[in-house]
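Me: I'm new to this structure and would like to understand the terms used for it. Could you take me through a few of them?

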Amino acid sequence: MYLELGQETVITDKNILGIFDLDNTTVSKATREYINTASKNGECITVSFEELPKSFVVTDDGNERKIYISPFNTSTIFKRIK
């Protein structure tokens, strides 16, 4: 199944490693460092340009890991997966 994360960005749900709320997880220094490192390595894709980002989705297709910063909250993403 495919999942639309915003700004016409679509991923396959079988590659999702985790879906995280930005407000709750970025309190941790380790999470902030992880996102910053991924951004520097070109692994971070922002799909919310006009809206504030609310979540991030970590994917891995076997070749590369990506982090998608999304304007949707986690409950919306979970509903779209079902």
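Me: What makes arginine 65 and aspartate 60 a salt bridge?
Reply: Good place to begin! In this predicted model, the closest N and O atoms of arginine 65 and aspartate 60 are 3.5 Å apart. The cut-off is within 4 Å, so the pair counts as a salt bridge.

Me: Why is aspartate 60 called partly exposed?
Reply: Its relative accessible area is 27%. Buried means under 20% and exposed means over 50%, so aspartate 60 falls in between. Arginine 65, at 37%, is partly exposed by the same rule.

Me: What makes arginine 80 and glutamate 4 a salt bridge?
Reply: Here the N to O distance is 2.9 Å, which is within 4 Å, so the name applies. This pair links distant parts of the chain, with arginine 80 in helix α3 and glutamate 4 in strand β1, 76 residues apart.

Me: Which strands stand at the edges of the sheet, and why?
Reply: The open sheet has the order β3-β5-β6-β4. β3 and β4 each have a single partner strand, so one side of each is left without a neighbour in the sheet.

Terms used:
Residues are numbered from 1 along each chain as its sequence is written. This is a predicted model: local features need pLDDT of at least 70, side-chain atom pairs count only at pLDDT 80 or more; totals for chains, interfaces and linings use all residues. Side-chain values use heavy atoms; hydrogens and water are left out. Two strands pair if DSSP finds at least two bridges between them. Helices (H or I, at least four residues) and strands (E, at least two) are DSSP runs, numbered from the N terminus. A salt bridge is a side-chain nitrogen of Lys or Arg within 4 Å of a carboxyl oxygen of Asp or Glu. Buried means under 20% relative accessible area, exposed over 50%, partly exposed in between (1.4 Å probe, protein chains only).
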